[in-house]
Amino acid sequence: MKNSKLFLLMIMLSFSGVSFAQKSDEVKVTIKDKNGKRPVEVLPHFIQFGIMSKNHQDFRKKYNVDVVYQNCVISPTLSKQAEKNNLALAKDLTQKYGEAWKKDLGIIPYGL
């Protein structure tokens with residue numbers, strides 16, 4: 001009985017840490033220079049999961065939209081958030097630029 005309560009307590013603590021760790025949906029971009037770190041503009045961004053496999057610097061410059069790679073673990077909450085974000089951003093880019101942005105991006109954003 002005592003072990004089962006301890007086990008449940010450990011599970012609850014581990015899940016509470018995970019939920020707090022993944023609440024931030026804003027991306028903070030910083031640039032290091034000789035004076036230290038300074039914040040720069042936060043761009044609208046596609047959310048991808050997994051290991052970064054492509055440099056999207058040209059896409060970022062052309063469309064002022066970034067691609068942010070998060071870890072490989074996808075929770076249901078993060079999945080819904082990423083899908084909603086990516087669909088809205090894709091709709092906006094399609095309205096502004098047609099379908100050309102998809103070819104320039106070179107990947108299929110999560111949820112599309």
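Predicted model: local features only at pLDDT ≥ 70, side-chain atom pairs only at ≥ 80, totals over all residues.

The questions below go from the whole chain to one strand and then to a surface patch.

Biologist: How many of the residues in strand β3 are buried?

Modeller: Over the 112 residues of the protein chain, the buried share is 23%. Strand β3 spans residues 45–49 and is mostly covered. His45, Ile47 and Phe49 point one way from β3, while Phe46 and Gln48 point the other way, and all are buried. The count for β3 is five of five.

Biologist: Which residue in β4 is the bridge partner of Phe46?

Modeller: Strand β4 covers residues 66–70 and pairs with β3 in the parallel sense. Five bridges join the two strands. For Phe46, the partner in β4 is Val67.

Biologist: Is Leu112 buried, partly exposed or exposed?

Modeller: Leu112 lies in the segment after α4 (100–105). Together with Leu87 and Ile108, Leu112 forms a nonpolar surface patch with about 290 Å² of accessible area. Buried requires under 20% relative accessible area and exposed over 50%. Leu112 has 42% relative accessibility, so the class is partly exposed.

Biologist: What share of the accessible surface of the protein chain belongs to carbon and sulfur atoms?

Modeller: The total for the protein chain is about 8,600 Å². The share of carbon and sulfur atoms in that surface is 60%.

Key:
Residues numbered from 1 in each chain as written. Heavy atoms only, no water. Patch = residues over 30% accessible without salt bridge, like charges linked within 9 Å, V, L, I, M, F, W, Y side chains within 5 Å. Areas by Shrake-Rupley, 256 points an atom, 1.4 Å probe, with all protein chains shown as cover. Salt bridge = Lys/Arg side-chain N within 4 Å of Asp/Glu carboxyl O. Helix = DSSP H or I, 4+ residues; strand = E, 2+ residues; numbered from the N terminus. Buried < 20%, exposed > 50% of the residue type's maximum accessible area, 1.4 Å probe, protein only. Pairing = 2+ DSSP bridges.
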